[in-house]
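Morning, everyone. Here is the model I want to walk through today. Please keep it on screen while I talk.

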Amino acid sequence: MKYKRILLKLSGEALMGNRQYGIDPERLADYASEIKEVVDQGVEVAIVIGGGNIFRGVAGASNGMDRVQGDHMGMLATVINGLALQSACEDAGIPTRLQTAIQINEVAEPFIRRKAMRHLEKGRVVIFGGGTGNPYFTTDSAAVLRAIEIEADVILKGTRVDGIYTADPEKDSSATKFDFISFDDVLTKGLKVMDTTAFTLSQENELPIIVFDMNTPGNLIKLIKGESIGTKVQM
């Protein structure tokens, strides 16, 4: 295996499947199956999941809601998604722990770095919910922060697009895909990989990011084995 410990970033929208909102149980089961294949190879897996399928703080703020309140609601949405993914993983036979940045002791463990790393060492999947626990920070920032804290080898950002393109491939048929690209080139070309805070934090800590299509069966395990899937952002 090319990577020993990974941080998998999933968007909340990814859990919707073909639905307009909420959670698609079939999509959850598919993801759990992909994750199990990786765990069975001895890879340590941590996951950060968004909450956009339920609520977005930014969207709430644009409609007049207080931004801090909206972001707190978004954090709770990520916990709901984390619980759903935990249940799907356990149904697939994967020991899983959910840790949250905001304390909900009856539902999940609080985030404790050493405890999270111990879970990973024991072969448990660790899902991080609640973002960073602070408003104005996205789950992209949470993913990079947690990846650095647990000393992950790479951040794998699972999307519905198979990498980074010169333009949005869903809108521009002439867009071309990058197999490899540097952090500096992403910034120079104005490409959207993560929000600026998250991307800069990853760059400063020389933590590579791979953007790939999580919805294509087998992609995750191929990445772990070192195959050229998606787009790799590196120094």
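**Starting from Ile-80**

Leaving aside its neighbours within four places in sequence, Ile-80 is in contact with Ile-23 and Ile-54. Contact here means heavy atoms within 4.5 Å.

A word on the source. This is a predicted model: local features need pLDDT of at least 70, side-chain atom pairs count only at pLDDT 80 or more, and totals for chains, interfaces and linings use all residues. Residues are numbered from 1 along each chain as its sequence is written, and side-chain values use heavy atoms, with hydrogens and water left out.

Back to Ile-80. This residue lies in helix H3. Helices (H or I, at least four residues) and strands (E, at least two) are DSSP runs, numbered from the N terminus. The cut-offs are under 20% for buried, over 50% for exposed, and partly exposed in between, using a 1.4 Å probe and protein chains only. Ile-80 and Gly-130 are 50 residues apart in sequence, yet 9.4 Å apart in space, C-alpha to C-alpha.

**Helix pairs**

H3 covers residues 67-91, and its partner here is helix H1, residues 25-39. Their axes come within 9 Å and cross at roughly 60°. Axes are lines fitted to C-alpha atoms, for helices over the stretch in contact, and angles run from 0 to 180 degrees between N-to-C directions. The angle makes H1 oblique to H3. Angles under 35 degrees count as roughly parallel, over 145 as roughly antiparallel, 65 to 115 as roughly perpendicular, and the rest as oblique. From H1 come Leu-28, Ala-32 and Ile-35; from H3 come Ala-84, Leu-85, Ala-88 and Cys-89. By class, that is seven nonpolar, no polar and no charged residues. Ala, Val, Leu, Ile, Met, Phe, Trp, Tyr, Cys and Pro count as nonpolar, Asp, Glu, Lys and Arg as charged, and the others, Gly among them, as polar.

Next pair. Helix H5 (residues 139-149) and helix H7 (residues 196-204) have axes that come within 7 Å and cross at roughly 20°. So H5 is roughly parallel to H7. H5 brings Asp-140, Ser-141, Val-144, Leu-145 and Ile-148, while H7 brings Thr-197, Ala-198, Leu-201 and Ser-202. This contact has five nonpolar, three polar and one charged residues.

**The sheet**

Now the strands. Nine of them form an open sheet with mixed pairing, in the order S4-S3-S5-S2-S1-S6-S10-S11-S9. Strand S4 (109-110) and strand S9 (180-182) are the edges, each pairing on one side only. Two strands pair if DSSP finds at least two bridges between them.

S1 (residues 5-10) and S2 (residues 44-49) run parallel over six bridges. Leu-8 stands opposite Ile-47 in S2.

Strand S3 (residues 96-100) has four of its five residues buried. S3 pairs with S5 (residues 125-129) in the parallel sense over five bridges. S3 also runs parallel to S4, joined by two bridges. Thr-100 is opposite Gly-129 in S5, and opposite Pro-110 in S4.

**Two loop residues**

Most residues other than glycine have a negative phi. Where does Tyr-136 sit? Tyr-136 is in the loop between S5 and H5. Its phi is near 75°, a positive value. Tyr-136 is exposed, at 51% relative accessible area.

Glu-206 has a positive phi too, about 50°. Glu-206 sits in the loop between H7 and strand S10 (209-213). At 56% relative accessibility, Glu-206 is exposed.
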